[in-house]
Amino acid sequence: MADSTKTTKKAVSAESPKKGTEKEAAERTSAEKPQYVAYVSTYTTDNKDKFGIRIYDVDMEKGRLNEKDQVEITNSSYVTISHNQKYLYSITDFGVESYRILKGGDLEPINHSGINGMRGSYLSTDYTDRWLFVAGYHDGKITVLKLAEDGSIVGITDEVYHKGLGSIAERNFRPHVQCVKMTRDNKYLLAADLGMDHINVYSFDPVRGKIRQVYIIHSEIESAPRHIKFSQDGQFLYIVHELKNIIDVYHYTDTNGEPDFEKIQTISTLNDYHASNSAASALSLSEDFNYLLSSNAGDNSVIIYRIDHKTGLLSKILCLPISGDYPKDVALFPDNRHLVSLNHESNTMTFFTVDLDKGLIVMNGKEMKVDQPNCIIFHKLTKEQL
C-alpha cells in the first residue's frame, strides 16, 4: 500500500511541472495574441441619448462585440484614430473632441475645439499626427486644425469653402464636402464633394497648416462621390459614389509637385439584380489591406472585393444581404473571418461569419441594438494600452 501511494505521489510530482509548463505556455500564447477594442459612433438627438460613442471588447473567436463603456458626446457622426494609435478624435455638435486612449481602450477626454461652421461629417489626421482635417457636408467647408504632441487640438489654421453649382438634381445642387483624406506621402489633401461630383486635390503646407487647390478629379455627373481610401502603398485611390453605386479606381503619381490621378477601373457595388433606389454608403479596408468593402442602402447589402496589390484593380468576391436597414458602415474583423454591419435606420449591428474563399457570409448570432450607428473602428491595443 505504501509503495502504491508513493508511486502515485511521484507520478503527480513528475506531472506537475509539465502541467504548469503547459498552463504558462497557454497564458503566454493568450498574452501574445493581439487584443482589440471597437469604437462605434452614433447620433444622439433623436433618441435623446447622451452617449455618442460606445466602446466594445472584441471577441475574435466568436466574431462578436461586448460593450464595456459609453462616452458622453453629442451626435458623433464620425471618429478617427491618430496614426500613432494614441488618440481618438470625434465629430460633435460643438466641433471636434479629442481623447486619449487608455489601458483597455478606455477613452479620456483631452479637449475640444469649434470649427467655425456647421457640424462636420468626417475627420482625419495627416501622417505626422500634427494636423486634423474636418469635412463639412452641410456648409461645404474644409477646416484644418493644428494638433499638439499630447493629442490636444490647438485651433484652426485654415478654412476653405467649396463653391459652385452641381447638377441641380435633388440635393446635388451645391457643395457637400463628405470626406477629407491625405495621400499616404502626406503631400496632398483630397476632399470628396458629393454635391459637386468631383474631388478637390489640395497641396498642403505642413508648416503653416494651409491648403491650396492644385487639381480636380472629375466624377460622373450625378454620381455623388462619398468616401475615399488609399491602398497600403499609396499608389491607388478608391472612390465610392453614392448615387451611381460605383467605385472608381485611380493610379496616383506625383512628379515634381504635380499630382496626377489616372482612372483605371470602374466597378459596381451591386449585383445585376438589386433593389431600386439603392445608394452606396460605406468604404472600408481590411486590416491587412487585401480586401475593400462597401455597402448599399436600399439594397441593404455588403460587397467585398479582393485587391490586386500590383495593379490596384478590384475583383468582386460577394454581394449579399446584411439583415438590416441602411448599412451605413461595414467592416471585417481584423482576422477576416467575421463581419459587422452598422444598420443606421434599423438601429442594429448585425454579425456574420465570413468565408472569403467560397464567397459566403452566414448570420452569426442575434442582432445587437444600437441607436443610429454611424461608423466603427477596430483598434489593436498597444503595449502601453494592454
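Okay, so before we start: when I say two strands pair, I mean that DSSP finds at least two bridges between them. And keep in mind that this is a predicted model.

With that in hand, let's go to β8 and β9. Strand β8, residues 122-125, pairs with β9 in the antiparallel sense, over four bridges. If you want one spot to look at, take leucine 123: its bridge partner in β9 is valine 134. The hairpin of these two strands has five residues between them, and in there aspartate 129 takes a positive phi near 60°.

β10 is residues 141-147, and β9 and β10 pair in the antiparallel sense over six bridges. Here you can find tryptophan 131 opposite lysine 146 in β10. This hairpin has four residues between the strands, and glycine 140 is the one with a positive phi, near 65°.

So what about β9 itself, which runs over residues 131-136: how many of its six residues are buried? Six of the six. In general, side chains in a regular strand alternate between the two faces of the sheet. In β9, one side has Trp131, Phe133 and Ala135, the other has Leu132, Val134 and Gly136, and all of these are buried. In other words, both faces of β9 are covered.

Okay, next stop, further along the chain. There's an open sheet of four strands, in the order β16-β17-β18-β19, with antiparallel pairing. Which strands stand at the edges? That would be β16, 225-230, and β19, 258-268; each has a single partner strand, so one side of each is left without a neighbour in the sheet. Neighbouring strands in this sheet are turned against each other by 25° on average, ignoring direction.

Inside that sheet, have a look at β17, residues 236-241, and β18, residues 246-255. Those two pair in the antiparallel sense over six bridges, and phenylalanine 236 sits opposite histidine 251 in β18.

Let me zoom out to finish. The protein has 29 strands and one helix. There are 386 residues, and buried ones make up 54% of them. If you take the contacts with a separation of 6 or more, 48% are between residues 24 or more positions apart. And the accessible surface comes to about 17600 Å², with 50% of that belonging to carbon and sulfur atoms.

That's it from me, thanks.

Methods:
Residues are numbered from 1 along each chain as its sequence is written. This is a predicted model: local features need pLDDT of at least 70, side-chain atom pairs count only at pLDDT 80 or more; totals for chains, interfaces and linings use all residues. Side-chain values use heavy atoms; hydrogens and water are left out. Buried means under 20% relative accessible area, exposed over 50%, partly exposed in between (1.4 Å probe, protein chains only). Contact means heavy atoms within 4.5 Å. Accessible areas come from the Shrake-Rupley method with a 1.4 Å probe; for residues, only the protein chains shown count as cover. Axes are lines fitted to C-alpha atoms, for helices over the stretch in contact, and angles run from 0 to 180 degrees between N-to-C directions.
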